[in-house]
Amino acid sequence: MTQQTSSDRPPIALALAGGGPLGAVYEVGALAALHDALPTLDFTRLHSYVGVSAGAFVTAGLANGITPREMVQLFIENEGEDGDALSPGVFMRPALREYASRVANLPGAVMAALWASAKSLRPSRALSELQRLAAAIPTGLFDNRAIERAMRELLSKPGRSNDFRELPARLFLIATDLDSGETVEFGAKGMDHVPISQAVQASAALPGMYTPVKIGARHYVDGALNKTLHASSALDAGAKLVICVNPLVPFNSTVARHAQSHLVEKGLPTVLSQTFRALIHSRLEKSLSSYANTYRDARLIVLEPSKGDADLFFSNLFSYSNRRRLAEHAYQHTREQLLARADVLAKEFAHYGVKLNLHALRDPHRRLLPTARHVSRGNTGVVMSQLTHALDDLELALVERG
């Protein structure tokens, strides 16, 4: 049987934006909801895929045949055959090599600054010369080489490929060239020789958090610096319908379910988070407007959280219970969105032979995850499951109360 190529498939593509751990968790939950709502659409056999930052992990997996439900086991539950591949520890390894190399440059930078100041006989010169010390500051807190190794291992399993050129569908992973500031499409012609694992590593190299990724003679950082979704990659490749998931939206306390204090009262991290979200969402809205004029025969369906979603905005994703709960949250919210827009979306999907399963969307008992995870067998497992459930409920109540 010959392998189906992207040109043989319905012209439906998927574009996933960035958002760090939050983005990946939300996207996995949203994709699981789409998978249940569109049972006749195989999300591992789409026309093309576009991933930016966190979205690069998810789209690379889908393009390699990993289903949305398998994504849940892999990214959220860390279970199954590939359960340990992308465990939280992979993303949080200190960049010790980077620290060491920068510290090694520190004595030389200090001596150079002092010597330049002494030669000029102007002590004030020392202040400007000390700016050279900036070169001794690490470029990232965490080492993303472990991420590349984990992705390489994941994509080396039978039936998968770490080579863009061997995939049955087009896959575009977006990064930013650090030295030119230009957007780079890994997977596009001329950039498809780069291993997918390296492209994922580069696309998700958030400056300050991870060190820039050297590929060839260039250095690359997070694709979200220039592009939020970059759905144009799929549209240029021939897609006519692009399903887009953007997990980061600015928070609006006036539409939140529960009263919230002013964001400024929560400190600098909250202010920076709101600023970043506002910038990337404004850029997304402008891109969508331009797509409507440039690709008149194409359609984009954008799914994203509510701007009043305090649970999502204020959550800490570095705990296991948060990841499970927020994936469930994304799953249920996406189901609500699809049901609310069912009249329009049903026609959009029907045009491409895809049926919207209204029965699944209306089912009030449908869940993404079991209420609690049994972390071990026997009585201890039952007790720990009950404890996990209680802590999840408590955390959700505290978040809702602000």
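Select Asp143 and Arg145 to begin, and you will find their side chains joined in a salt bridge with 2.7 Å from N to O, a salt bridge being a side-chain nitrogen of Lys or Arg within 4 Å of a carboxyl oxygen of Asp or Glu. Asp143 is buried at 13% relative accessibility, whereas Arg145 is partly exposed at 30%; buried means under 20% relative accessible area, exposed over 50%, and partly exposed in between, with a 1.4 Å probe and protein chains only. The model is predicted, so local features need pLDDT of at least 70 and side-chain atom pairs count only at pLDDT 80 or more, while totals for chains, interfaces and linings use all residues. Residues are numbered from 1 along each chain as its sequence is written, and side-chain values use heavy atoms, leaving out hydrogens and water.

Next, select helix 7 (residues 145–154), where Glu148 and Arg152 lie four residues apart, about one turn of the helix; helices (H or I, at least four residues) and strands (E, at least two) are DSSP runs numbered from the N terminus. The closest N and O atoms of their salt bridge are 2.6 Å apart, with Glu148 buried at 11% and Arg152 partly exposed at 38%.

Then move to Arg218 and Asp177, whose salt bridge has its closest N and O atoms 2.9 Å apart. Arg218 belongs to strand 8 (residues 218–222) and Asp177 to strand 4 (residues 170–177), so this pair ties together parts 41 residues apart in sequence.

Finally, select Asp36, Arg69, Asp363 and Arg366, which are linked in a network of salt bridges.
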